[in-house]
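Please look over the model shown below with its strands, loops and ligand in mind. The report that follows takes up a side-chain contact, then the strands, then the ligand and some backbone details.

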Amino acid sequence: MSALEPFGTRLRRAMDERGPLCVGIDPHASLLAEWGLNDDVAGLERFSRTVVEAMADRVAVLKPQSAFFERFGSRGVAVLERSVAEARAAGALVVMDAKRGDIGSTMAAYAESFLHKDSPLFSDALTVSPYLGYGSLSPAVALARESGTGLFVLALTSNPEGGEVQHAVRMDGRNVGATMLAHLAAENVGEEPLGSFGAVVGATLGDLSTYDLDINGPLLAPGIGAQGATPSDLRRVFGAAVGNVVPNVSRGVLRHGPDVVALREAASRFAEEIRKAVTVD
Ligand SMILES: O=C(O)c1cc(=O)[nH]c(=O)n1[C@@H]1O[C@H](COP(=O)(O)O)[C@@H](O)[C@H]1O
């Protein structure tokens, strides 16, 4: 397979050139209604196209949330395919938010679906769940290395329920979230300028100084906007790792649509606040 440059290299460049903001494409039924669109495939397509048109030539990363497309069956997935292709063609990196995770042999098929260059849903990276055991993800790690794509592994999620799994303490005294971070650090050893195997770490989680966030890979940080975190929280939450954070905002930007200019202004405001928050004085 002819490989792209490694995802981590492409992401670092995009973050440096465009700033690290990731805008989510989350076509909630309530947002379709706010935008004056019907809750159907035509509404979905209009919504997604508008976000891609407004954002793909300026933000580093777009993150479509697959669930909102799957809701409409095969025709919704066809809209997702077109959105991914259009966003990539316009210069954004696409992180497919599908949160896949299964036994290794099935995981290989999920990886083919999103990380093989000939797949209709080919994306630059995929969110994955390691809660069948980190090793179950190895087919996806292998294909990502081969195709120049990346993974974002759920380590410390933004939702309050995540703690019962992720804060559980193992026999060796380390908790589950910290274990996932350690696996990722091992994947990324020696990679420059940035590894391709990222962690999802919520911006909502407060002080994370007890965790080693230095995984030499990107930290996807959802939770800004609708879930209550703000860009000014980033330095407190991520400390010295803040330079590798890719903050995600979905509803906080999307609620400003359908006007393309208003969407762009909302994203610019977040981008500027994020720039101030992550710049070392
Ligand atoms: O993997 C994710 O992106 C994710 C992980 C996590 O811990 N929390 C989280 O909110 N997300 C996703 O990030 C987006 C957040 O959307 P807003 O709350 O509207 O900004 C949604 O698409 C969630 O599915």
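A polar side-chain atom of asparagine 188 lies 2.8 Å from the backbone oxygen of phenylalanine 197, a polar contact being a pair of N or O atoms within 3.5 Å, where within protein one must be able to donate a hydrogen and the other to accept it, and where residues adjacent in sequence count only if both atoms are side-chain atoms. Asparagine 188 belongs to the loop between H9 and S6, and with a relative accessibility of 0% this asparagine 188 counts as buried, a word used for under 20% relative accessible area, whereas exposed stands for over 50% and partly exposed for values in between (1.4 Å probe, protein chains only). Helices (H or I, at least four residues) and strands (E, at least two) are DSSP runs, numbered from the N terminus.

This is a predicted model, in which local features need pLDDT of at least 70 and side-chain atom pairs count only at pLDDT 80 or more, while totals for chains, interfaces and linings use all residues. Residues are numbered from 1 along each chain as its sequence is written, and side-chain values use heavy atoms, with hydrogens and water left out.

Strand S6 (residues 197–201) is largely enclosed by the rest of the structure, because five of its five residues are buried. Phe197, Ala199 and Val201 lie on one side of S6, and Gly198 and Val200 on the other, so that both faces are covered. Two strands are said to pair if DSSP finds at least two bridges between them, and S6 pairs in the parallel sense with strand S5 (residues 150–156) over five bridges; in this pairing alanine 199 of S6 is the bridge partner of valine 153. S6 also pairs with S7 in the parallel sense, over two bridges, and there valine 200 stands opposite leucine 220 of S7.

From S7 (residues 219–221) the pairing continues to S8, again parallel, over three bridges, with leucine 219 opposite valine 245 in S8. Strand S8 (residues 245–249) is mostly covered, five of its five residues being buried: Val245, Pro247 and Val249 point one way, while Val246 and Asn248 point the other way. Strand S1 (residues 22–25) runs parallel to S8 and is joined to S8 by two bridges, and cysteine 22 stands opposite asparagine 248 in S8.

**The ligand**

Which residues come nearest to the ligand? Of the 17 residues around the ligand, these are Asp26, Lys63, Ser158, Gln227 and Arg251, where a residue is near a molecule or strand if one of its heavy atoms lies within 4 Å of it.

| Residue | Distance from a polar side-chain atom to an oxygen atom of the ligand |
|---|---|
| Glutamine 65 | 3.1 Å |
| Lysine 99 | 3.0 Å |
| Glutamine 227 | 2.8 Å |

Taken alone the ligand exposes 500 Å², and the protein buries 90% of that, with accessible areas taken from the Shrake-Rupley method with a 1.4 Å probe, for which, in the case of residues, only the protein chains shown count as cover.

**Backbone details**

Lysine 99, listed in the table, is found in strand S3 (residues 93–100), and its phi is near 45°, a positive value in a residue other than glycine. Lysine 99 has a relative accessible area of 39%, so it is partly exposed. Asparagine 216, in the loop between S6 and S7, likewise has a positive phi, of about 55°, although it is not a glycine, and at 23% relative accessibility asparagine 216 counts as partly exposed.

Where are the cis peptide bonds described here? One runs from glutamate 192 to proline 193, with omega near -5°, and proline 193 is found in the loop between helix H9 (176–187) and S6. Another cis peptide bond runs from glycine 257 to proline 258, with omega near 5°, and proline 258 is found in the loop between helix H11 (251–254) and helix H12 (260–278).

Histidine 28 has its place in the loop between S1 and helix H2 (29–34), and at 18% relative accessibility histidine 28 counts as buried. The C-alpha atoms of histidine 28 and alanine 67 are separated by 9.5 Å, although the two residues are 39 residues apart along the chain.
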